[in-house]
Amino acid sequence: MPWRAAPRAALSSPLTLLVSIATTLLLGFVVAAAVLHSSSAGSAALAYQQDRMCPHAVHPSLVGKDDQPLSSAISMSSKSPLSAVYTRIGRPDFNGLATYGRFGYRPEALSHLTVLEGGGTGLWVPKTIATAAHVRVGDRLTGSPLVVSAIYADLAHPVSGWWCSEAQTVVPNPLGGDGDSTSVIWVPQISDLASLPPDFSSRASVSLRFPVEPVSTLAEAEALRDKGNALLTSLQLPLTRTDGLSSAITAARTSERNVSSALLPLVIISVLVGLAGVGTVTVQWAQRRHSELRLLWVRGASPLSLGFRGVLELGLPLVAGGLLGLLAARLLLPLYGPGVVLAAGTLWVALGFVLAVVVASLTVTVLVACWRVHRTFQRRARSWRLAVVPWELVVAGLAVLAWVRLSRNGLGPALKSGDLPRIDVAALTFPLLVVLAAALLGVRLLRWSLVWSHRVQWWRVPAAQLALRRLAAAAGPVTGVLLVGVLAVGTIAVGSSVAGAQQSALDSKSGVFVGANSTVQVSQDVALGRVTLPSSLQGTTTLVGLSTGALIVDPATFTDAAVVDDASSVRSLLSGLHRTGEIAPALRIGRAANKEIQIAGLPLLKPVAALPSFPKLGTRGYVLSRESVPSAEQVGSWHLWSSLPLSALTSSLQAAGISYTNVADRARVLDGLPFLTVEWTFGFVAAIGFVLAVVAAVALLLAIEVRRRQNAVSGALSTRMGMRPSVLWSSHLLEVGALALLAVTIGAVASFVSTGFAVPRLDPAPWLNPAPMLPNLVPLLGSMVLCGALVVVVAAWLALRGVRTARMGELLR
């Protein structure tokens, strides 16, 4: 029976079978990839936040600052597996020469210190206190039985992860006032704190940490947070609760929600396009099965039953394609997703969406087949073509509305620093809508051109004339391939451009915010020349003074370390800042007033040149030469800027014995999650573009394969009539190459123009300069042209294959 044999009958049309599987494979891939991408974005955001947190601060903690009796602090410390107790700052006396210091205990602290002299289980004294108080190994603490057994190197920024949560207490500020902060003298056992002199037993601070392994998913993080807060509540201790994990979870949830909402319109459009492809496959199936469907209709089968006849034949390939799409999305997650960690149950959610689009595909198959049968055998419907609707104007109108939203709000409403942007989905779609409008306009112009192409007479160039006639003979497939090709090129370019712009924006904004790759604050002795910088920092470091609204620089070395776009022009401007009288020449930065100005501690400044922005100052302030400052003591603070990583800079300073504080690292100074959220969103847009590129390439190759017999007949007859094989080869290259060139040109121009307008507005941190800028697009365009050329060569080779293998007698028959 035809109904029972329907699934097996699909094997008689392997091309239809292949196209059906490929269509739902791409549908399944898009919806499954969107689900997996959103889940991995949440996990990646959580991992990013945890990487910026102290490892021991992931679990909620309890902290008390110098407001607990020492005995109570010791008792509280037993409630935590990793606690720390610190006495108040006093003046411990070892040899009658007292200096500021404090005592502390933390389990395993001694194993995380660098011993300079001695060892054992007595008091461990930091090098600074030992030097100031002339402490030696074996000295006894006055008023206590405790004896010094080791001298260790003071802890300094940046500290290791084990000390990170205690950095505010254990790392002294060498530039602060006496008694404000100090290094810690460590005792080997917590009971030794009770043996300290009475001056240190009045008040103490305590921290209770609960080390845990890093969590991978948001569900695990929420469970850890709830369990940790419940534990802290049960302890009922009069300490301050610190919960950095809650803010990390909130930021990760917001990032996941932003990515999901931004991807939703793109996924919906992709699904609609995929379902239209399923409908096209169904129409082709109905045309191929016309005789059989007519016979069944004559025998009494209804259009609805014949529609289900299409499901019996195409249903299994559609289901298989959807499941293969899910499998492909999971396997390719490392290539398009921000991470590989998925929340529990994400694959089941993705499977549910895949099954939903498979059911939708089957429904479309039934409805299209039913409509086709009804129109063919029961009633001739009045012809009404969707092509006459000016879709490009409709899409262009939507693009204008998106631009209005984008120009007014950027990514979303203005937020304070540190918050994630509430992404405006309508504004985010502007560059994609421009690409879609350009694609529709290009398709309409191409269709009109092919309609009038029969008037063209290029027989002096037979290769071009034959290529044009073949294009006109297959106007439908040609315009379809062009539409998908333009969308593929445009979405790849938009996604890659915006994602690259976000990366460069984060890097440039952090560079302007810090000024260099790393900075530290140093004492005035460095500016006065009393302390000489080590030779290892020569050529990579510069000394910069900072006063309110002004930056004092060394013109000779400033560009060696500072982050500037055009080092030679900046160096030239700075070298001209020579003071000749009471007035000091200065650079006016951005919106600063163009008049003489007096800043406390500095001479009268007169702007002589201007720059739109400058490191550290942003878009407002003044820059003057160091030689224009009469007294270094009058400058607010002095900093070392370096092009070296922070660890290399601080290591050199520690080796030279130079004190510093207020370190800043360009790589960690800004929270990059707002930038990463936009980057991940448009990274998925680029991934969809690659999928569309595969669709366009496969559609082109399938169109060539479908016309294989036509190409074989025309090509064989042409060669028999004297056409050289090289001319035939050139003809097919021109045919396919023109189509590929149109797709690349329209897609690239539309995407580059739209992203050129959109990228400066897609700024997650508009209060920081500079605004995002387009990255270098030449490599991207070159790779597109190269891949397009490869597809063109393969398509032309497929077209000529039938000509070379054709048998003339069989063709004539």
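**A residue and its setting**

Modeller: Ala 664 has its place in strand S18, which covers residues 661–665. The model in which this residue is examined is a predicted one. Ala 664 counts as buried because its relative accessibility is 18%, and buried means under 20%. Neighbours within four places in sequence are left aside in what follows. With these set apart, Ala 664 is in contact with Val 514, Asn 517, Ser 518, Thr 519 and Leu 646. The chain also brings Ala 516 to this place: the C-alpha atoms of Ala 664 and Ala 516 are separated by 9.2 Å, although the two residues are 148 residues apart along the chain.

The protein is divided into domain 1 (1–58 + 242–382), domain 2 (61–209), domain 3 (434–513 + 670–812) and domain 4 (517–665). The centres of domain 2 and domain 4, taken over C-alpha atoms, are separated by 37 Å. Six residues from domain 2 and 10 residues from domain 4 take part in the contact between them.

Ser 497 is found in helix H16, residues 475–514. Ser 497 is buried, with a relative accessible area of 0%. Not counting residues up to four places away in sequence, Ser 497 touches Phe 752, Thr 755, Leu 774, Pro 775, Leu 777 and Leu 780.

The nonpolar interior comes next. In soluble globular proteins, nonpolar side chains tend to be buried together. The largest nonpolar core here has 99 residues, of which Val 267, Tyr 336, Phe 682, Phe 684 and Leu 762 touch the most other members. Domain 1 and domain 3 both give residues to this core, so the core lies between them. Beyond its neighbours within four places in sequence, Tyr 336 is in contact with Phe 29, Ala 33, Leu 36, His 37, Ala 329, Phe 684 and Ala 687. Another core, of 31 residues, lies apart from the largest one and includes Phe 103, Tyr 105, Leu 141 and Leu 146.

Finally, there is a pair of helices. Helix H8 (residues 290–298) and helix H11 (residues 346–378) pack at an angle of about 75 degrees, and their axes are 11 Å apart. This angle makes H8 roughly perpendicular to H11. H8 contributes His 290, Leu 293, Arg 294 and Trp 297 to the contact, while H11 contributes Val 373, Thr 376, Phe 377 and Gln 378. By class, this contact has four nonpolar, three polar and one charged residues.

Definitions and conventions: Residues numbered from 1 in each chain as written. Predicted model: local features only at pLDDT ≥ 70, side-chain atom pairs only at ≥ 80, totals over all residues. Heavy atoms only, no water. Axes fitted to C-alpha atoms, helices over the stretch in contact; angles between N-to-C directions. Helix = DSSP H or I, 4+ residues; strand = E, 2+ residues; numbered from the N terminus. Parallel < 35°, antiparallel > 145°, perpendicular 65-115°, else oblique. Contact = heavy atoms within 4.5 Å. Nonpolar A, V, L, I, M, F, W, Y, C, P; charged D, E, K, R; others polar. Core = buried A, V, L, I, M, F, W, Y, C linked by side-chain atoms within 4.5 Å. Buried < 20%, exposed > 50% of the residue type's maximum accessible area, 1.4 Å probe, protein only. Domains from an automatic or database assignment.
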